[in-house]
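Here is a model to walk through together, one feature at a time. Have a look before the questions start.

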Amino acid sequence: MRLTDSGPSEPGRVRVALAEDGVLLREGLAGLLTRFGFTVVAAVGDAPSLLSAYAAEQPDLVVTDIRMPPGYTDEGLRAALELRRRNPAPAVAVLSQYVQHSFAAELLDSGSGRGVGYLLKDRIVDVEEFAATLHQIASGGTVVDPQVVRQLLQRHRDPLSRLSPRESEVLALLAEGHSNAAIARRLVVTEAAVGKHVGNIFAKLDLPPADDTNRRVLAVLTYLNADA
């Protein structure tokens with residue numbers, strides 16, 4: 001485990017624990033995060049070291065790869081889940097080259113779906129956008145790569161049976177982060193019609209009216225976990 005020599009964190013800077021087994025990528029990510037205003041308090045190469053670093057540093061955000069030593073399977077994801085079971089649950093951003101179906105839905109549902117992200121490495125093409133995404137997650141936001149949503153939805157189709165074809169289509173676009181107005185343009189319908197579909201989706205999933213801005217994400221996560 002390597003703790004960084006960044007010194008005391010400046011007020012307002014997000015403190016990050018980074019876990020990535022590749023030395024070059026780990027160092028590159030640490031430098032990138034520092035460049036965009038994060039304070040990297042730990043940079044480690046395996047899941048046990050990540051858990052130890054979190055206990056020692058209590059960072060605001062954990063950024064972890066999925067495949068790490070000793071087994072190079074899903075150690076990073078399982079470590080993230082362990083951290084998310086704590087109270088309070090830390091913000092966690094998982095970086096991966098693929099979708100790990102067995103634990104992905106559980107991770108996204110942890111901590112009431114707040115402060116969590118699942119990002120595919122190959123689809124990160126803008127470093128400024130990546131840094132902004134991490135800030136969003138650290139602030140309690142939920143960010144899921146649309147490809148992750150598609151794969152998980154395809155794997156859990158049965159919970160969608162209560163929805164009409166149009167509601168399923170709206171949900172797919174909603175889960176990708178589109179606004180009602182954007183969905184209306186995509187489907188060539190009125191925004192009011194989209195709002196009605198979204199309301200029907202919430203009703204069929206037994207999600208009561210609430211001011212929680214993550215209500216849309218919770219609707220998607222209900223589908224993903226229905227067959228668990």
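**Helices, sheet and core**

Q: Which residues of α7 and α9 meet?

A: Contact means heavy atoms within 4.5 Å. In this predicted model, R166, E167, V170, L171 and L174 of α7 meet V194, H197, V198, N200, I201 and K204 of α9. Those contact residues split into six nonpolar, two polar and three charged. (Ala, Val, Leu, Ile, Met, Phe, Trp, Tyr, Cys and Pro count as nonpolar, Asp, Glu, Lys and Arg as charged, the others, Gly among them, as polar.)

Q: At what angle do α7 and α9 pack?

A: Two packed helices are described by the angle between their axes and the distance between them. Here α7 (residues 165-175) and α9 (residues 191-204) pack at about 95°, axes 9 Å apart. They are therefore roughly perpendicular (65 to 115 degrees).

Q: What is the strand order of the open sheet?

A: Strands of a sheet pair through backbone hydrogen bonds, either parallel or antiparallel. This sheet has six strands with parallel pairing, in the order β2-β1-β3-β4-β5-β6. Its edge strands are β2 (39-44) and β6 (142-144). Pairing takes at least two DSSP bridges; β4 (residues 91-96) and β5 (residues 116-120) are joined by five. V94 has Y118 in β5 as its bridge partner.

Q: Which residues touch the most other members of the largest nonpolar core?

A: A nonpolar core is a set of buried (under 20% relative accessible area, 1.4 Å probe, protein chains only) Ala, Val, Leu, Ile, Met, Phe, Trp, Tyr and Cys residues joined through side-chain atoms within 4.5 Å. Among its 46 residues, L107 and Y118 do.

Q: What are the ground rules?

A: Residues are numbered from 1 along each chain as its sequence is written, and side-chain values use heavy atoms, leaving out hydrogens and water. Local features need pLDDT of at least 70 and side-chain atom pairs count only at pLDDT 80 or more, while totals for chains, interfaces and linings use all residues.

Methods. Buried < 20%, exposed > 50% of the residue type's maximum accessible area, 1.4 Å probe, protein only. Helix = DSSP H or I, 4+ residues; strand = E, 2+ residues; numbered from the N terminus. Axes fitted to C-alpha atoms, helices over the stretch in contact; angles between N-to-C directions. Parallel < 35°, antiparallel > 145°, perpendicular 65-115°, else oblique.
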